[in-house]
Amino acid sequence: MKFRRLNLFGPLLVAASLCAAAPLHASDRNITDKELSDTSNTADWLAYGRTHYEQRFSPVNDINVSNISKLKPAWYKPLPEENSLTSTPLVVDGIYYFTGNMNRVHALSATTGKTLWIFDPKVGEKIREKKQRRVFWIYSRGLATYGDKIFLATWDGRLIGINRKTGKQVWETRALPKNSALQLTMAPKVGGGKILIGNGGTEAGPTRGWVAAYDAETGREDWRWYIVPGDPRLGFEDPSQEAAAKTWSGKWWEHGGGGNAWHGFTYDPDLDQFIFGTGNGSPWNRKVRSPSEDGKGWGDNLYLSSVVALDAQTGAYKWSVQQAPGETWDYNSNMDITLADLKIDGKNRKVALHAPKNGFFYVIDRATGKVISAEKFAKANWSSKFDLKTQRHVVPDSSFFYDGEENIYPSVFGAHSWHSQSFNPQTGLMYIPTQNLSTTFADKGLKTDSSWRNKAWTLGIAVGVTMKAIPGVPKGSLTAYDPIKQKIAWKVDHDFYWGGGTLSTGGNLVFQSEPTGKLKAYDARNGKKVWEYDTGLGLTSAPITYKVGGKQYVAVLVGPGGAFSSNAFGSGELGFDLWGWKYGVHERRLIAFALDGTAKVPAQKAPAFAKPVVDKNFKIDDDKAAKGAGVYALDFCLLCHGGGAVSGVKAPDLRESEAFMSGNLDTLREIVVKGALTERGMPIFPHLSDDDLKNLRHYIRKQARDGAKNNASH
Ligand code: CA
């Protein structure tokens, strides 16, 4: 309540910051819900999606369709210590804040790039101390600000309040137990005096997914709500849990059920509620997770793959929309949720707009949770349609692969992932980075005894995850969707899968980052390309815009990041090695553009490719290599170092690594078992034996030999 009273001063402070010259120090302005809801503020970027409404739209139109040819780099900053860049920054009173590798928070001038402070939560140290095995995520997607603080969720499970002016830690709360296999990767969402976060990591071990709200002033946990019900014999936390338990069977609580909340958090200031998306089941396959006597699996398994609204003050359940009943396909609903006021059939409606993995675009009445429309924005065969009368998807039996293998689309990566969508209230269109792939599912011969439960990959399917193109469909698109007409307005097709985040502006522009290294701008009304700039290195983060000292800037973090940048599911067309983005070669940067900008940005190094080394002193044993391949997959090596040991850009290519050449195991043991490189994001695997390491070496040497052969044949 304290913050609400301070609202009175908010507009005055904004006015002051606009009149003064760009400040060289951070302000101690008290940021309120009123300021976070102010869509007319063009100076700042105060929340993950700019305002509480998460539209990623700024009404500023200084840079527009007619003058964008004059948009050039105004300043740039090298970020040599960074690797994966995924975050959306904040801009407050001329200071730009972003999270880099190992959750380090950087504060710098938004007009020159000069560093003011860096906050290091020492994630690598914590992980080594506690021998925590955490994989895959060395970064987070962003920050939140409220009052005089900035909030950071760390990879190793802490929520931290930082003074925005000084960069000093004010409080720290442990949100995940120290030995947990889960992680936090989200930008925390703040509103109504609370900070909302949830867990990620369903695939890494048994999980009962949750969201929790913390007091923004003290970091104390206020309430917690579980995404799946617990063991009924212990009683239920609230009626929503009791209702959910009626949609499950078997002993789901023994493996938790899943249902992460790793992204897609929204605070609705009009109704004082949090709206968020929930994750997939654990394991993915309902037949294993919630078994039935006929072996077909049973129940909707609430609240997996849903959009849920909770009262922000109490955490009381308000409504939910399940987007994949009986979730089996890794269709989590953790994608951005955008809030808007739309006139639909002559009536003003407060809506939530959502384009989750499953390929349907949902327009949801955010007061009641009723789905107003849900039509396909991408190719999808898992559901025939969403029936508005029953408010349920019509899912054909084939989607559950009762009769063997089935090719299902969208793939486990979804038609849209966390890559930022943006909504322009002037064009009425949502701009969605879309990707088109299918996944083949099968579960014949799957062992469903308890042995699978402690495995790293708790997927509950028999074969690996095979990704395939959908015939006749482009790999990816920038899709402009009209939520009122319920159809695609225009589409720009891409010759790649992993389109980066988008930004929309009042200048009739929509910007998109590309893995090719290009930042492009389109006319928001028709998709005509009006501008591009080649940064020389793949992009994933969404650009943002802000206005300081009377000048509009568009800024983007340069460097690929996220799950797709690892080549986990294959190299070539699926991977980031395609463009020659190689670990450790290219400089990560922040580039800010303005009209008539004059900064000279040095060229990046040329694209580079791995050169697998054949070690003539090493005799490869095929049996050991096969065992090593098992370790490589089940202990998650591939999630950073790439499928088949072909690295994307996220981690070194092990086929070139000294540690895997012939010789003693000391170096390998130091790195893999003892955690010598945790500060660089290499996890710790204390359970691996010398035999495991030897087998891994046989596998890597074999992949290097085969890779070198392939290179020679080109
Ligand atoms: Ca998942």
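Exposed means over 50% relative accessible area, buried under 20%, partly exposed in between (1.4 Å probe, protein chains only). The model is predicted: local features need pLDDT of at least 70, side-chain atom pairs count only at pLDDT 80 or more, and totals for chains, interfaces and linings use all residues. Numbering runs from 1 along each chain as its sequence is written, and side-chain values use heavy atoms, with hydrogens and water left out.

Now select the buried set: Ala625, Gly628, Val631 and Tyr632. They cover an arc of only 110° around the axis, so they sit on the same side of H7. The arc is taken from the directions from the helix axis to the C-beta atoms. An α-helix has 3.6 residues a turn, so residues three or four places apart point the same way.

Show all of H7, residues 622-634. At 1.5 Å a residue, its 13 residues should span 18 Å, and the end C-alpha atoms are 18 Å apart, which agrees. The expected span is 1.5 Å times one less than the number of residues. Helices are DSSP runs (H or I, at least four residues), numbered from the N terminus.

Go to the N-terminal end. Aspartate 621 caps H7 there, with a side-chain oxygen 2.9 Å from the backbone nitrogen of aspartate 623. After H7 comes phenylalanine 636, with a positive phi near 75°.

Jump to arginine 680, in the loop between H9 (666-673) and H10 (690-713). Arginine 680 is exposed, at 58% relative accessible area.

Methods:
Helix = DSSP H or I, 4+ residues; strand = E, 2+ residues; numbered from the N terminus. Polar contact = N/O pair within 3.5 Å; in protein donor to acceptor, adjacent residues only side chain to side chain.
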